[in-house]
There are 2 protein chains.
Amino acid sequence: MNLVLLEPGEAAQSVVHLDARRSDHIRRVLRAGSGQQVRVGVIGGAIGRATVLVNDVGVELAALELDEQPPRALSVTLVLALPRPPMLRRILQHVSAMGVKHIVLIHTARVEKSYWSSSAMRGDAIRRECLLGLEQAVDTILPVIETKPHFLPFVEDELPSWRKHGSLLLAELVASRPCASQSGHTSLVIGPEGGFVAFERERLEVAGCQPVSLGQRVLRVETAVVAALARLSGP
Amino acid sequence: MNLVLLEPGEAAQSVVHLDARRSDHIRRVLRAGSGQQVRVGVIGGAIGRATVLVNDVGVELAALELDEQPPRALSVTLVLALPRPPMLRRILQHVSAMGVKHIVLIHTARVEKSYWSSSAMRGDAIRRECLLGLEQAVDTILPVIETKPHFLPFVEDELPSWRKHGSLLLAELVASRPCASQSGHTSLVIGPEGGFVAFERERLEVAGCQPVSLGQRVLRVETAVVAALARLSGP
């Protein structure tokens, strides 16, 4: 946690009483006592400093000065075949930290149906993982997460129009173009463990996705997502 | 597991009896029955195919044909402040899959001493995580792992000579040069959560490390390692 994130309702108060998780972090990791300043941010808003007050009821923050803007977003929409729940949690942290603000989770032939009803897919669970990524990366803007449990309507009716907004890339093992940074917005499609089936890959290419390669090594989805975003954010 | 890895001693036998983990994978994930071929590799050696035999005693492999070389290594030495054990395990998988063949784990001021005696540091534990990465990426060559529990002797006496072999880079938050692929071999130094302390950073720069940036977002070490390697392996 490199930033203590506050809900907008909390930040509107003159003194913010922190919950156990944030209190513990300030006391045990930052080892901050009364009078010291810590970096704070308001979810969806600005970043700045606040003064720590340690007292009988716990840890409070006062004298908020919020005068910095959050860092620039990574101009990438990540379209991702829904991974299994533990990997989804980690990926949400990675990509929130890397600055992605739009994530579309899609169903594909190799996604297990049960993943859609896992507790990791609940709104509060998704939000919690994204907040961990933002706290890490000193950012306040949550990504917007969309779910598309039906592959074809999404790929045939929605995806083609995205080409108007920038590049539309499909991460593949074998592709003549390497995955590299693009000018403008990029939408990047990453398949499930085991990859898209041939029919899906064909539909994605018909929708206008251009295959790009991360190299010939078969990476786990978690590794591939971070590697691809690092390439897209590169020089 | 995209490759069934065999110990050299196993591969020398005419019929290889597989342990439970590899047997389960062949039966439950690949759903391969007797007579089907699967991809196999010999640890440290070649890659090819073998024929599955399912019988009363379990799963066996026969008729090994090993005629492919493992994929090219990533010409990167990763010098990493020893992370906490669960993150070390995941990082070993990520970087083995990405093709790193030389990893140097170092002590720094912000590395907890207890990490050095954790069970994740045992040779068999490290080897197991690396094998998972190789099985994922269809590779057979284990990385060489060195440990340097003393920061200064390593950074002052060993690291400077590495410049002769190629680039020597230090991943930093703020650096004028972005992290990008280099010609020739690259040695990349990545600090602990919280970063190197000022004294360590100064010693690393005296040793010849050139700061490079992954962007201004503070990433967890696990995310930063994958992101940096993706940049170094890029076009």
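Predicted model: local features only at pLDDT ≥ 70, side-chain atom pairs only at ≥ 80, totals over all residues.
Local features need pLDDT of at least 70, side-chain atom pairs count only at pLDDT 80 or more, and totals for chains, interfaces and linings use all residues. Residues are numbered from 1 along each chain as its sequence is written, and chains are lettered from A and ligands numbered from 1 in the order in which they are written.

Start with chain A. It has seven helices and 11 strands. Both kinds of element are DSSP runs, numbered from the N terminus: helices are H or I with at least four residues, strands are E with at least two. The C-alpha atoms of chain A fill a box of roughly 60 × 40 × 30 Å along the principal axes. Of its 235 residues, 41% count as buried. A residue is buried if 20 or more other C-beta atoms lie within 10 Å of its own, exposed if 12 or fewer, and partly exposed in between, with C-beta atoms placed from the backbone. Take the contacts in chain A with a separation of 6 or more: residues 24 or more positions apart account for 71% of them. Two residues are in contact if their C-beta atoms, placed from the backbone, lie within 7 Å.

Now bring in chain B. The same surface serves both copies, as 100% of the contact residues of chain B recur in chain A.

Next, the interface. Here 25 residues of chain B are in contact with 25 residues of chain A. On the side of chain B, helix 3 (85–97), helix 4 (123–137) and helix 7 (221–232) each give two or more residues. Helix 7 of chain B gives the most, with five residues. This side divides into 13 nonpolar, nine polar and three charged residues. Ala, Val, Leu, Ile, Met, Phe, Trp, Tyr, Cys and Pro count as nonpolar, Asp, Glu, Lys and Arg as charged, and the others, Gly among them, as polar.

Look at helix packing within a chain. In chain A, helix 3 (residues 85–97) and helix 4 (residues 123–137) pack at about 40°, with axes 7 Å apart. Axes are lines fitted to C-alpha atoms, for helices over the stretch in contact, and angles run from 0 to 180 degrees between N-to-C directions. Helix 3 and helix 4 of chain A are therefore oblique to each other. Angles under 35 degrees count as roughly parallel, over 145 as roughly antiparallel, 65 to 115 as roughly perpendicular and the rest as oblique. The contact residues include Leu92(A) of helix 3 and Ile126(A) of helix 4. They divide into eight nonpolar, five polar and two charged.

In chain B, helix 5 (residues 151–158) and helix 6 (residues 198–206) pack at about 20°, axes 9 Å apart. Helix 5 and helix 6 of chain B are therefore roughly parallel.

Finish with a loop. Ser183(A) sits between strand 9 (166–172) and strand 10 (185–190) of chain A. With 8 C-beta neighbours inside 10 Å, Ser183(A) counts as exposed.
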